[in-house]
Amino acid sequence: RPPNSFIIYRKEKHAELMSQSTGTSTLNNNVISKIVGTMWKQEPPEIKARYAAKAQEEKRIHMLKHPDYKYRPKK
């Protein structure tokens, strides 16, 4: 399944936060998700549009690689 705009944003920001983290800070995935979620809500529409474009490109590539793919969540 191709990533949406927030997932792409989170992946990039996760890497940034981890690189800025010092050895004594306690940044785990839960903390990072909360931080990035707040950051995403505060981003201007231009930034969100940039990530939406990246998500569209990921979706296009995914469709080329997997033309018969259909999302089927397990029930």
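1. **Before you start.** Please keep in mind that this is a predicted model, in which local features need pLDDT of at least 70 and side-chain atom pairs count only at pLDDT 80 or more, while totals for chains, interfaces and linings use all residues. Residues are numbered from 1 along each chain as its sequence is written, and side-chain values use heavy atoms, with hydrogens and water left out.

2. **The aromatic pairs.** A pair of aromatic rings is described by the distance of the centres and the angle of the planes. Here, rings of Phe, Tyr and Trp (its six-membered ring) pair if their centres lie within 6.5 Å; planes under 30 degrees apart count as stacked, over 60 as edge-to-face and the rest as tilted. Helices (H or I, at least four residues) and strands (E, at least two) are DSSP runs, numbered from the N terminus.

3. Tyr9 and Tyr51 are both buried, where buried means under 20% relative accessible area, exposed over 50%, and partly exposed in between (1.4 Å probe, protein chains only). Trp40 and Tyr51 form another edge-to-face pair, at 6.3 Å centre to centre and 75 degrees between the planes. Again distant parts of the chain are linked: Trp40 is in helix α2 and Tyr51 in helix α3, 11 residues apart. Trp40 counts as buried at 15% relative accessibility, and Tyr51 is buried with a relative accessible area of 5%. Ring pairs link Phe6, Tyr9, Trp40 and Tyr51 into a cluster.

4. **A charge over a ring.** Have a look at Arg1 too, which lies over the face of Tyr71, at 4.2 Å from the ring centre. A charge sits over a ring if NZ of Lys or CZ of Arg is within 6 Å of the ring centre and within 35 degrees of the ring normal.

5. **Helix α1.** The 16 residues of α1 should span 22 Å at 1.5 Å a residue, and its end C-alpha atoms are 23 Å apart, which agrees; the expected span of a helix is 1.5 Å times one less than its number of residues. At the N-terminal end, Asn4 caps α1, with a side-chain oxygen 3.1 Å from the backbone nitrogen of Phe6. A polar contact is a pair of N or O atoms within 3.5 Å; within protein, one must be able to donate a hydrogen and the other to accept it, and residues adjacent in sequence count only if both atoms are side-chain atoms.

6. Buried residues in α1 are Ser5, Ile8, Tyr9, Arg10, Lys13 and Leu17, and what covers them includes α2 (29–42) and α3. Leaving aside neighbours within four places in sequence, Ser5 is in contact (heavy atoms within 4.5 Å) with Trp40, Tyr51, Ala52 and Ala55. Ser5 has a relative accessible area of 18%, so Ser5 is buried. With neighbours set aside in the same way, Lys13 is in contact with Val36, Met39 and Tyr51.

7. Side chains of opposite charge can pair when their charged atoms come close. The rule used here asks for a side-chain nitrogen of Lys or Arg within 4 Å of a carboxyl oxygen of Asp or Glu, and the count comes to 3 salt bridges. One of them joins Lys54 and Glu12, whose closest N and O atoms are 2.9 Å apart. That pair links distant parts of the chain, with Lys54 in helix α3 (residues 45–65) and Glu12 in helix α1 (residues 5–20), 42 residues apart. Both ends are partly exposed: Lys54 at 32% relative accessibility and Glu12 at 29%.

8. **The salt bridges within helices.** An α-helix has 3.6 residues a turn, so residues three or four places apart point the same way. Glu16 and Lys13, both in helix α1, are 3 residues apart, about one turn of the helix, and the closest N and O atoms of their salt bridge are 3.6 Å apart. Glu16 counts as partly exposed at 35% relative accessibility, whereas Lys13 counts as buried at 14%. In helix α3, Arg60 and Glu57 are also 3 residues apart, separated by about one helical turn. Their salt bridge has its closest N and O atoms 2.7 Å apart. Arg60 is partly exposed, with a relative accessible area of 45%, and Glu57 is partly exposed at 35% relative accessibility.
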